[in-house]
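Subject: Structure handover

Hello,

Here is the structure for you to open. My notes on it follow below.

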Amino acid sequence: MAKKLKVLFATSETHPLIKTGGLADVSGALPAALNGLDLDVRILIPGYTRVLEQMELENALKVDLLYTPGGAVRLLEGKMPGQGFPVYVVDHAGLYHRDGGPYQGAAGHEWADNALRFGTLSYVANLLSEQASPLDWQPDILHCNDWQTGLAPAYLHYSATPRARTVITIHNLAYQGVFDIKLVDSLWLPPEAVREIEGVEFHDQLSFLKAGLRFADSITTVSPTYAREIQDPFFGCGLEGLLQHRFDRLEGILNGIDTADWDPRADAHLVKNYTARTLSNGVENKRALQQELGLAQHPDVMLLGVISRLADQKGLDLFADIVPELLNDGVQICLLGSGDPVLEGRFSEFAHKHLGQFATYIGYNERLAHRMEAGIDAFIMPSRYEPCGLNQMYSMAYGTPPIVRHTGGLADSVVDAGSLENMQSDATGFVFEHADAGALLHAIRRAQAFYADLDKWHKIQRNGMACDFSWNASAAHYVELYEELLRS
Ligand code: ADP
Ligand code: GLC
């Protein structure tokens with residue numbers, strides 16, 4: 001029997017254990033898909049309180065890995081809920097046992113010791129990938145994700161006994177983990193790491209992401225278009241030079257979605273399940289959603305929806321600018337999200353002033369996200385940049401045409417409908433070019449015109465539902481990449 005390829009998948013969040021965004025969705029579904037392809041993939045994640053609460057850790061492996069002034073860093077082993085493959089948990093009370101999110105406290109401030117918290121995660125990833133690892137399981141590939149695990153390839157580079165080959169996936173280049181360079185002494189890095197411009201130094205500071213991009217054997221990002229965009233100064237966030245330099249090691253692989261979690265035929269959150277053949281069942285979901293959110297019960301009024309982090313990236317200020325025009329058109333709107341307090345305030349005010357026509361839910365709500373995907377008519381995603389984006393794919397799978405800007409993974413996953421007179425036969429949604437409110441309004445008005453022509457609207461819905469957004473193709477692509485790295 002051929003030896004299984006072993007992968008350590010290091011990440012700062014994974015669904016269903018802990019999630020702030022799409023990174024968690026990918027870090028849950030991709031390892032599961034790879035295990036399904038007969039690889040031996042194990043996740044490495046910090047032992048946040050919420051993670052420990054959800055895992056059965058009795059009789060699990062416990063190894064003391066490292067001693068710090070705050071006590072030993074231990075490795076625990078549990079199983080991924082619902083999947084059963086191993087999850088290694090980096091446990092340290094002082095660093096990870098706290099209320100609040102993985103990166104921020106409840107009041108929204110970044111944890112002051114994030115460099116040490118994620119430096120420790122990266123360092124443990126490195127220890128487990130060395131020949132001197134304390135485990136009897138050693139990975140062939142260390143797969144890192146975003147800045148939080150970016151130092152791991154640097155540690156392996158400086159290690160005397162590196163074993164695994166390394167991949168780093170960029171989920172969002174704008175978050176780089178840049179800290180005071182003096183921290184180098186407490187982060188187990190050799191002094192030369194910051195002396196050389198080629199090391200982890202970035203404009204007199206210490207950059208976790210730059211370290212990963214500099215030292216990983218291979219760099220991937222989550223869509224082919226974003227892989228091209230980030231070599232350009234506009235999207236490159238200061239790292240475009242390094243990415244251009246390493247372009248032969250950089251590849252874009254479009255994310256998939258978890259088709260078990262996001263399946264309108266079986267989604268337990270919905271009042272009525274449906275398929276492309278029973279689209280009319282969707283009316284029940286729309287009615288239930290309107291009721292739940294206090295919107296007027298009109299099955300025929302077009303209902304637009306947003307589910308998003310409220311961050312500059314997502315372009316929702318452009319949407320807020322045109323809400324008055326849209327309300328004048330008579331459409332209904334609902335928004336689920338949290339983040340920027342200014343945007344939270346603007347959307348809450350619309351809801352306050354337009355009861356029954358505009359509904360806002362500020363916060364995070366997984367159940368409502370599913371019910372919205374099924375109950376709304378069209379999904380709005382006017383991102384300024386979008387490495388991949390998952391919600392446009394969830395929307396298409398739920399027969400909800402997305403209205404998106406032509407960037408990153410949105411450009412790679414949505415086919416524009418064109419005009420009513422000259423409709424694109426494989427259309428799945430509405431795409432616009434420029435990040436301005438007028439262009440977004442124009443795209444929404446186009447969608448309104450199609451919505452009034454039910455045959456054409458149903459065609460767009462069915463086209464989206466027929467697309468294969470599963471992880472099959474992309475997971476196979478990662479396997480090819482791993483195998484190629486092991487041959488080189
Ligand atoms: P990003 O990771 O940049 O936020 P993605 O589209 O890749 O964007 O993934 C966002 C994920 O987070 C999706 O699973 C989406 O449903 C979810 N999400 C975002 N905001 C909320 C919210 N307020 N409530 C529930 N789910 C949310
Ligand atoms: C990031 C990106 C998003 C992507 C997700 C998963 O959060 O902003 O576009 O879908 O990572 O890769």
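Which ligand 2 atom does a backbone N or O atom of Pro 387 lie 3.5 Å from? An oxygen atom of ligand 2.

Before the rest, the ground rules. This is a predicted model, in which local features need pLDDT of at least 70, side-chain atom pairs count only at pLDDT 80 or more, and totals for chains, interfaces and linings use all residues. Residues are numbered from 1 along each chain as its sequence is written, chains are lettered from A and ligands numbered from 1 in the order in which they are written, and side-chain values use heavy atoms, with hydrogens and water left out.

**Ligand 2**

The shell here has 14 residues. A residue is near a molecule if one of its heavy atoms lies within 4 Å of it. The closest are His 171, Asn 255, Glu 386, Cys 388 and Gly 389. A polar side-chain atom of His 171 sits 2.7 Å from an oxygen atom of ligand 2. A polar backbone atom of Cys 388 is 3.0 Å from an oxygen atom of ligand 2. The protein buries 93% of the 310 Å² that ligand 2 exposes when taken alone. Those areas come from the Shrake-Rupley method with a 1.4 Å probe; for residues, only the protein chains shown count as cover.

By type, the shell around ligand 2 has six nonpolar, six polar and two charged residues. Ala, Val, Leu, Ile, Met, Phe, Trp, Tyr, Cys and Pro count as nonpolar; Asp, Glu, Lys and Arg count as charged; the others, Gly among them, count as polar. Domain 1 (6–256 + 472–487) and domain 2 (276–466) each supply at least three residues of the shell around ligand 2. The domain bounds come from an automatic or database domain assignment.

**Helix α1**

Helix α1 (residues 22–36) gives the largest share of the shell around ligand 2, three residues. Helices (H or I, at least four residues) and strands (E, at least two) are DSSP runs, numbered from the N terminus. α1 has 15 residues and reaches 21 Å from its first C-alpha to its last. That is close to the 21 Å expected at 1.5 Å a residue. The expected span is 1.5 Å times one less than the number of residues.

α1 is mostly covered, with twelve of its 15 residues buried. Buried means under 20% relative accessible area, exposed over 50%, and partly exposed in between (1.4 Å probe, protein chains only). The buried residues of α1 include Leu 23, Asp 25, Ser 27 and Leu 34.

**Ligand 1**

Around ligand 1 there are 21 residues. Gly 22, Asp 25, Arg 309, Lys 314 and Gly 363 come nearest.

- Asp 25: a side-chain N or O atom is 2.6 Å from an oxygen atom of ligand 1.
- Lys 314: a side-chain N or O atom is 2.8 Å from an oxygen atom of ligand 1.
- Gly 363: a backbone N or O atom is 2.8 Å from a nitrogen atom of ligand 1.

Taken alone, ligand 1 exposes 570 Å², and the protein buries 93% of that. Its shell has seven nonpolar, nine polar and five charged residues. β13 gives the most, with three residues.

Where does ligand 1 lie relative to domain 1 and domain 2? Both domains give residues to its shell, so ligand 1 lies between them.

**Backbone details**

Most residues other than glycine have a negative phi, and most peptide bonds are trans. Pro 16 is in the loop between β1 (6–10) and α1.

Asp 146 is in the loop between β6 (141–145) and α5 (151–158). Asp 146 counts as buried because its relative accessibility is 8%.

His 203 lies in the loop between β9 (201–202) and β10 (205–207). Its relative accessible area is 61%, so His 203 is exposed.

**One side-chain pair**

Ser 413 is in helix α16 (residues 408–413). Ser 413 is buried, at 8% relative accessible area. The side chains of Ser 413 and Gln 392 are joined by a polar contact of 3.1 Å. A polar contact is a pair of N or O atoms within 3.5 Å; within protein, one must be able to donate a hydrogen and the other to accept it, and residues adjacent in sequence count only if both atoms are side-chain atoms.

Best wishes
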